[in-house]
Amino acid sequence: MVQTKKQKHLFLAFCLLPTFILFAVFTLYPLFSGLYYSFFDWSGSSSKKEFIGFANYVQLFKDSVIPDTIIHDYFLVVTKVIGIMILAIFFAVALTQLKIKEAPFYRIVFFFPNIMSVVVIGILWTFIFNPNLGLVNSGLEVLGLESLAKPWLGDEKWALPSIMVPAIWAGIGLFMLMLMGGIANISKSYYEAARIDGASEWQQFWKITLPLVWPQIKVSILYIVITTLNGSFILVQVMTGGGPNNATHVMGSYLYQQAFKQYNFGYGATIGVMILVLSLVTVLLLQFLMRREKVEY
Amino acid sequence: MEKSVGQFLGRTGIRIPLILWTIAVLYPIFWMFLGSFKSNAEIYRNPWGWPEVFNFNNFSQAWSNYNIDTSVFNSLFVTVIGAVLTLVLAIPTAYAIERINFRGSKVLFTIYISAMMIPMVLGWIPLFFLLSKLNLLDSIIGLSIVYAVSQLPFSIFVLTSFMSTVPKSLEEAAAIDGMSPYGILFKVITPLTMSGIITVSIMNCIQFWNEYFMALIFLQTKENYTLALAIDYISNEAQYTNAWGTLFASLVIAILPVIILYIIFQRRIAKGMTEGAIKG
């Protein structure tokens, strides 16, 4: 290309600089100054920003709500990983291996909740769990099981598991598609060889499908963990706002309450640092635990 | 023969969970549509049946009493401006990273990509004060900028992979014909990656249309509410007013554009989302 060095640099700057400046201002700077804010006692007005060292972190360890929020987050992580992976693997295998004519229909339907707004999902399910009008309690009544009916989201014991249900409901489709992509890449000859050797469909699943889609399973699990730790608070915020009596608060919703409802911005930032550290540690740990030789036949 | 009977039964058996899950997905959505046509009295009497008459009162209620029209406009604004701004920012960067040799291109790409894994909630506190300083708090323009920047990593990631499929010889030919690098970017590369640009834009539009939490933090007055916030507001009010019909109607207004986009671009959306997730 006929182009001087200066022209090349100008073009590079044109391509990269405006984008990077905006990215730095609106993403990188807020993240780093979030770390910085965590060392301050600050209620929002600039005059009353006081450096307090690690006092927020000490408070973090003394705050009796914090352990609950962490437990709630990891409860959602574990139940979502198990629930989504079992159903997604089952559906992915059923829709690819079992030659069902209407498979595309199921694929299209199952994926749809993945692109619904969390607000719509949250409000819809809040209504499904509504003590008087909701589907769940009316359904139990029809089945003659009135005794099991309860105000699901108002019950300290049942509120969090009730939030887990729509979280799984809305998550299945994406991971089913990811696994279907993995299964589609498995050479048909493996299955033919297995059939000739007399392996049952069940054995084929354990010995061929599962090991060969392991990379997709791994990515799916990591993705569920990351999105849950970084985003479960949105559904919580819509459905319960953390209540009843903090029974559903996760780290993110507690941060929102501390920072934007009670104006403890410094402490809120400290919770944010905790979320960042925990999710990075969790992801690294999982990557270490799930490292496994790539299977090739 | 025996085997095929067994297989037939097996196939039927496997359909049972598939059909049950279909009902679990579709029925709540269907139910929401039915509820939007029922009066409140009817919702109480018969919460999960067919409406006696289809009336559009709930929609006009939502429209007039809760200013849904303003919220629809605000949501459209942040969606369109956000999506356009994302493209303006992401296309040149994706091109430079993918096609121009320069020191630090790998590092830059890694910085953008790792931002997809970082919990942004920590950044939202400083961002709140930054927007306030820039007079962009409680502003749909400010929210559009925040949205656009938040989708940069995903967009750059998908666009670079689409650009890598454009043959280099086309660029070289254009350069020999005397076209400037700007011309190559806008007149050769951009049209040739239109498919990727459309995919990215649909994903971003759905994301911005649906977004709730950043809007909750960065918007404050009702005139600036996006649809997600307006619905949340109606939902909280409904706890006291029991205006469930209006709530259902506003949910329908929020979900209808997404359903229409999904019907048209079903394959593209599914592909865009799985590719965005597999980056790890």
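1. In chain B, the C-alpha centres of domain 1 and domain 2 lie 35 Å apart. Domain 1 covers 2–35 and domain 2 covers 67–278, with bounds taken from an automatic or database domain assignment.

2. This is a predicted model, in which local features need pLDDT of at least 70, side-chain atom pairs count only at pLDDT 80 or more, and totals for chains, interfaces and linings use all residues. Residues are numbered from 1 along each chain as its sequence is written, while chains are lettered from A and ligands numbered from 1 in the order in which they are written.

3. Chain A has 12 helices and 2 strands; these are DSSP runs numbered from the N terminus (helices H or I, at least four residues; strands E, at least two). The radius of gyration of chain A, taken over C-alpha atoms, is 24 Å, well over the 19 Å from the globule rule for 297 residues, so the chain is more spread out than a compact globule. That rule is 2.2 Å times the number of residues to the power 0.38.

4. UniProt, in an unreviewed entry, places "domain: ABC transmembrane type-1" at residues 70–286 of chain A; such annotations may be inferred rather than shown by experiment. Over residues 70–286, chain A is 75% helix and 0% strand, with the end C-alpha atoms 17 Å apart.

5. The contact between the chains takes 66 residues from chain A and 62 residues from chain B, where contact requires C-beta atoms, placed from the backbone, within 7 Å. H1(A) gives the most to the side of chain A that touches chain B, with 16 residues.

Terms used: Contact = placed C-beta atoms within 7 Å.
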